[in-house]
Amino acid sequence: MRQFNNLEELIGEATEYDKKQAVELKKPKSWCKSVSAFANTSGGILIFGIANDNSVIGLPDAEHDAEAVSEIMKNRLSPVPEFHLSFHVAENGKKLLLLQVFKGEETPYYYSADGTTEAYIRIGNESVPADSTDLKRLVLRGRNSSYDSQNSPFEAADYSFTKLRERFKVWTGKSLVEKDLSSFGMIGTNGNLTNTGALLADESPIRWSRVFCTRWNGKTKGGGIVDALNHAEYAGSLISLLNDAESFIKNNSKTIWKKLPDSRLELPEYVHRSYFEALVNALIHRDYLINGSEVHIDIFDDRMEIYSPGGMPDGTLIQDRNIKGVPSIRRNPVLADIFARLGYMERSGSGLGKIREAYEFSANYSQDKAPVFYSDRSQFLVTLPNLNYEQLQKEAIPSDKVADVADRVADIADISERQKQILSSMEIGTEYSSNDIADMIGLKGAMTRRLLNDLVDKGLLNKTAETNRRRYLKVPPAK
């Protein structure tokens, strides 16, 4: 049972707390819905004896109210969640009743009376009725399961996993064998794909896993005579979706540079590590129970928005949380584990902190350019400001100084066309293996490594190690 040191810890209404002026005996639904919501979400505390204006009025007979609360819960809640009743005496001598409801393991928890049966969930500081999608989610949790671990109707023999095998080989140096598909949770005991397997298949049969990407003309979706400058819809394996979305962002954003005494400093509009983390989060942590809603990437003149279906799994609102203190909650743990094996994400830790930290380390970052996170019941939205937008507006940098990487490296002397292709394919701040680069330029590994080592000798690349796990990093080209 949580202990409180002062009254201020009790007062306030948020995801984990609710307050009531009195124990309504004739209309117990007014507080029982909070009990259902707490049990169905992340637990919480209901405080009786505090008015809406946060004044402490106490309960005339707290002991009797405690007995009534216990009896009503046993009669109106099904199943009865685990709870704890206690008293708290305020500084003014008034007695409060504290009802702590623990996060339930047998979800959904229903309130049943007057001919109706409803389950509630907690969204921000409200207890709201669970809709059909919420109920599906609660049923899975009550079974200690998740969407991605469920068997799909698709037979494993009908699908291939070329993209998955390629990435696994590049990252681990090992081949992905058939038994790995089962051990990774991609094939169920009935021989069908799990939902994880269906999402990772080359031709994914789960249509709502698609990604829609748009480069808008202006700062809104109707910003000019031509609304959209570029648009693409991607389908297939989650690995393909990640790669395609990443490429769309690269192709629809620019990098400016400014001269330094002996080099040029590259200033991208968007930080690669930040938007890559946001893409991974959107694909892995989205709510796939929400049919008919896809991941959307919208690039405007001044910002990029990455939208994914489904709010925070614990019902909190991300805009009310300290980003650095948000724990990693894996809505799709099987998918998350596989993406960790592929080197796309870590098994622990929140990617949200990385999104913000990567921005802060950018040379053209300012505090008003911090990434913004927003969530509600049905969506999670990451907004990444264009780091160069105001700079371009103020200084009107000539267009010949706004160029993509290929244009900027074309004048580097003493390197081959293949090496120029390598540099133009790499992005500053991203680590690449030699196999990654060989795949990008369509060259054999041994020849690619020779070209890479020569670029390292010329000071155009850095390498992280001398082992078979070495990675290459691009550095700003010489003046």
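Reply: This is a predicted model, and in it the second largest cavity holds about 30 Å³ of space. The structure has 2 cavities of 30 Å³ or more.

Me: What makes the second largest cavity a cavity, and which residues line it?

Reply: A space is called a cavity because a 1.4 Å probe fits there but cannot get out. Its lining is made up of S204, I206, R207, S209, R210, A235 and G236, and by class these residues divide into 2 nonpolar, 3 polar and 2 charged.

Me: How is empty space found in the first place?

Reply: A probe the size of a water molecule is rolled over the atoms, and this shows where empty space is left.

Me: What is the volume of the second largest pocket, and which residues are closest to its centre?

Reply: The second largest pocket has a volume of about 820 Å³. It is lined by 40 residues, of which R137, R141, P313, D314 and R331 are the closest to its centre. The elements that each give two or more residues to this lining are β7 (116-123) and α3 (132-142), and α3 gives the most, with 6 residues. By class, the lining has 13 nonpolar, 14 polar and 13 charged residues.

Me: Why is helix α14 called roughly perpendicular to helix α15?

Reply: The axes of α14 (residues 434-441) and α15 (residues 445-457) come within 9 Å and cross at roughly 105°. Angles of 65 to 115 degrees count as roughly perpendicular, and therefore α14 is described as roughly perpendicular to α15.

Me: Which residues of α14 and α15 meet?

Reply: On the α14 side they are S434, I437, A438 and I441, which meet G445, T448, R449 and L452 of α15. By class, the contact of α14 with α15 has 4 nonpolar, 3 polar and 1 charged residues.

Me: How do you know whether K354 is buried or exposed?

Reply: The relative accessible area of K354 is 13%, and since buried means under 20%, K354 is buried. This residue is found in helix α10 (residues 351-360).

Me: What is K354 in contact with, leaving aside its neighbours within four places in sequence?

Reply: With those neighbours left aside, K354 is in contact with R273, S274, E277 and E346, where contact means heavy atoms within 4.5 Å. As for K324, which is 30 residues apart from K354 along the chain, the C-alpha atoms of the two are separated by 9.1 Å.

Methods:
Residues numbered from 1 in each chain as written. Predicted model: local features only at pLDDT ≥ 70, side-chain atom pairs only at ≥ 80, totals over all residues. Heavy atoms only, no water. 1 Å grid on protein atoms, 1.4 Å probe; cavity = no way out; pocket = protein on both sides within 12 Å on 5 of 7 lines; lining within 4 Å. Points joined across faces, edges and corners; volume = space filled by probe spheres on them. Nonpolar A, V, L, I, M, F, W, Y, C, P; charged D, E, K, R; others polar. Axes fitted to C-alpha atoms, helices over the stretch in contact; angles between N-to-C directions. Helix = DSSP H or I, 4+ residues; strand = E, 2+ residues; numbered from the N terminus. Parallel < 35°, antiparallel > 145°, perpendicular 65-115°, else oblique. Buried < 20%, exposed > 50% of the residue type's maximum accessible area, 1.4 Å probe, protein only.
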